Amino acid sequence: MAASFLQCRLDLACEPSAVHFARSHTQDVLQKWQMPEEVSFDAGTVVCELVTNAVRHAGQAAIPFKKDGGQPPVPQCALTLWVANTRLHIGVWDQSVKRPVPRPPSAEAESGRGLLLVAGLTEGQWGAVGTAPEGKIVWAALPLPASYRRRLALGWLSRGASEAVSA
């Protein structure tokens, strides 16, 4: 596997506002990386779905109040974007060990289609891995067009793309 030189991480409080910040960050970084518009659009959708799931299942509502009446610590999550080989990789870490499970589609359900959408956009390239001592990373990988991969391999991306690595 080739090393990636395009990568960044954004640490977030795992609360509803994290979705907005993650999507905005993704748009900014992918613009600096000169990512094709269709990949950026799909990446924004995948980021929203994965961060929403992290907030829903590992966020503030999932952590009960302390018995002494104090406030619980604010749960954390993190978004990582990186380019490796032929794909844009998206990883969302959260503090829950519960792995995501796609639900069968239902006309009556008001939610539960996000992972099916992620699977479709990524050609089935997604999954989850546990992290020590607790938590997990849910990842997805979007295919990159051959033209972008050629530009990347030949070093044709502008200086702004490499500066976005430390974002």
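**Hairpin.** I started at the turn between β2 and β3. The two strands form a hairpin with 2 residues between them, and Asn85 in that turn has a positive phi of about 55°. Strands here are DSSP E runs of at least two residues, helices H or I runs of at least four, each numbered from the N terminus. This is a predicted model, so I kept to its limits: local features need pLDDT of at least 70 and side-chain atom pairs 80 or more, while totals for chains, interfaces and linings use all residues. Residues are numbered from 1 along each chain as its sequence is written, and side-chain values use heavy atoms, with hydrogens and water left out.

**Sheet.** I traced the strand order next. It reads β1-β2-β3-β5-β4, an open sheet of 5 strands with antiparallel pairing; pairing requires at least two DSSP bridges between two strands. β1 (7–13) and β4 (126–130) are the edge strands, each pairing on one side only. From one strand to the next the twist averages 20°.

I then checked bridges. β2 (residues 76–84) and β3 (residues 87–94) are joined by 8, β1 and β2 by 7. Leu79 of β2 is the bridge partner of Leu10, and the partner of Leu79 in β3 is Val92. Thr80 stands opposite Gly91 in β3.

**α2 on the sheet.** α2 packs on the sheet and touches β2, β3 and β5; contact means heavy atoms within 4.5 Å. The direction of α2 makes about 15° with that of β3. Such angles run from 0 to 180 degrees between N-to-C directions, with axes fitted to C-alpha atoms, for helices over the stretch in contact.

**α2 against α3.** I looked at the helix pair. The axes of α2 (residues 37–58) and α3 (residues 114–121) come within 10 Å and cross at roughly 145°. Asp42, Thr45, Val46, Glu49, Leu50 and Asn53 of α2 meet Gly114, Leu115, Leu117, Val118 and Leu121 of α3. I count 6 nonpolar, 3 polar and 2 charged residues in this contact. Nonpolar covers Ala, Val, Leu, Ile, Met, Phe, Trp, Tyr, Cys and Pro; charged covers Asp, Glu, Lys and Arg; the others, Gly among them, are polar.

**Largest pocket.** Which residues lie nearest its centre? Asn53, His57, Pro100, Arg103 and Leu115 do, out of 21 lining residues. A pocket is an open set of points on a 1 Å grid over the protein atoms alone, where a 1.4 Å probe fits, with protein on both sides within 12 Å along at least five of seven lines; lining residues have an atom within 4 Å of a point. α2 gives the largest share of the lining, 7 residues. The lining divides into 7 nonpolar, 6 polar and 8 charged.
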